[in-house]
Amino acid sequence: MRIVLDMDTGVDDAIATVLAMNSPEFEIEAVTTVAGNAPVVQCTRNSLLITELIEPWNPPPVAHGACEPLVHPLIIAPEVHGHDGLGGLLDTLPTPHHAADTRPAVELLAAIPHDGPDDVTLIATGPLTNLAVALRIDPTAMAAYRRIVIMGGAFDVPGNTGPVAEFNFYVDPEAASEILASGLDITIIPLDVTTSMALTRTALESLVQSGGRTDIPAPARPGRNLAAILYRALDYYMDFQKDQSGLDGGFMHDPLAVAVALFPSIITTKPASIEILTNGPERGRSLVHSPVDGRTVNIAVGLDESTFHQILEERVLSPVWA
């Protein structure tokens, strides 16, 4: 399966990237970045670094995307992901050897060649700014994607950006509204399912210890140690969650979107049309309505948690830390 990743590369996006690149079923055509968890320049650097740590000689192209939402000023999440998106590690991280693709993200999204109607899946784990701009510029190219899997929204659970909104939809609600009303083949992975299972610190550290990796907590070194970088980023991410809710772990929002593209049967879905509130105290809130022709998407409402955890362990945790 050929895929494109569109992401605001923070901690869980980095884990999602590892999952995608460690899945032989995928051929990653490109990674496009968007401002969200961190400013887009940091998201681009993070994607360049993570992809070449996994594939040093031939990483997928990474294209720099939208630096701000369509309408609202940019809001980032340094309390969750660090000021740089990777737990505040910027001063210790090596400089990526590869440069970003010369094409802007929206141009690259539209330029991906499609060999047939079921050819390329687009996985979006950040604000939907790039997708909305690409849809405005070239709706035919966006309609050529086999399916778009989007991490976003909160329906029957509290939001993670205020009481009712999920972060990606809150940052750029206009973009989310345009994309979800587009009639494209879309599957939504909301907080309702992503918060039903967390990667615990205990599970992470048991793998680290079983692998004999006594060097993991050390600062990331010029040796470009992927395990050290991700461990420290996850440590920051989990500290935030523990302070917020008492959970000593981190929700794997974005890796779940990748896992669903890989194994659709790990979720159950229902069709609906979605309204996104774009202003006021409930900005970013996602409301479910009955399916409407040309506006219907599929919303994940259930998750096979044990299978998802197995996917994470086999394709991310064990390869990186064991």
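The structure is a predicted model, in which local features need pLDDT of at least 70 and side-chain atom pairs count only at pLDDT 80 or more, while totals for chains, interfaces and linings use all residues. Residues are numbered from 1 along each chain as its sequence is written, and side-chain values use heavy atoms, with hydrogens and water left out.

Rolling a probe the size of a water molecule over the atoms shows where empty space is left. A pocket is found on a 1 Å grid over the protein atoms alone, as an open set of points where a 1.4 Å probe fits, with protein on both sides within 12 Å along at least five of seven lines; lining residues have an atom within 4 Å of a point. The largest pocket has a volume of about 610 Å³, a volume being the space filled by probe spheres set on the points, which are joined across faces, edges and corners. Its lining comprises 31 residues, and Val80, Asn160, Phe240, Gln241 and His253 lie nearest the centre. Helices and strands are DSSP runs numbered from the N terminus (helices: H or I, at least four residues; strands: E, at least two). At least two lining residues each are supplied by H1, helix H3 (78-81), H7, helix H11 (226-245), strand S8 (249-251) and helix H12 (253-262). The largest share, five residues, comes from H11.

Glutamine 241 is located in helix H11. With a relative accessible area of 15%, glutamine 241 is buried; buried means under 20% relative accessible area, exposed over 50%, and partly exposed in between (1.4 Å probe, protein chains only). Apart from its neighbours within four places in sequence, glutamine 241 is in contact with Gly246, Leu247, Gly249 and Phe251, contact meaning heavy atoms within 4.5 Å. Valine 11, in helix H1, is buried, with a relative accessible area of 1%. Not counting residues up to four places away in sequence, valine 11 touches His81, Gly85, Leu86, Gly87, Ala233, Leu234 and Tyr237. Valine 11 and glycine 87 are 76 residues apart along the chain, yet their C-alpha atoms are separated by 7.3 Å.

Two packed helices are described by the angle between their axes and the distance between the axes. Axes are lines fitted to C-alpha atoms, for helices over the stretch in contact, and angles run from 0 to 180 degrees between N-to-C directions. Helix H1 (residues 11-21) packs against helix H13 (residues 305-321) at an angle of about 100°, with the axes 9 Å apart. The two helices are therefore roughly perpendicular to each other, given that angles of 65 to 115 degrees count as roughly perpendicular, under 35 as roughly parallel, over 145 as roughly antiparallel and the rest as oblique. In this contact, Ile15, Val18 and Leu19 of H1 meet Ile311, Leu312, Arg315, Val316 and Val320 of H13. By class, the contact of H1 with H13 has seven nonpolar, no polar and one charged residues.

The axes of H12 and H13 cross at roughly 100° and come within 11 Å, which makes H12 roughly perpendicular to H13. Here Pro255, Leu256, Ala259 and Leu262 of H12 meet Phe308, Ile311, Leu312 and Arg315 of H13. Alanine 259 is buried, with a relative accessible area of 0%. Not counting residues up to four places away in sequence, alanine 259 touches Leu19, Ile266, Phe308 and Ile311.

Asparagine 22, in the loop between H1 and strand S2 (27-33), is partly exposed, with a relative accessible area of 27%. Asparagine 22 and proline 319 are 297 residues apart in sequence and 8.3 Å apart in space, C-alpha to C-alpha.

Helix H8 (residues 173-180) is largely enclosed by the rest of the structure, because six of its eight residues are buried. These are Pro173, Glu174, Ala175, Ala176, Ile179 and Leu180. Among the elements against which the buried residues of H8 pack are helix H5 (129-137), strand S5 (147-151) and helix H7 (167-171).

Conventions. Ala, Val, Leu, Ile, Met, Phe, Trp, Tyr, Cys and Pro count as nonpolar, Asp, Glu, Lys and Arg as charged, and the others, Gly among them, as polar.
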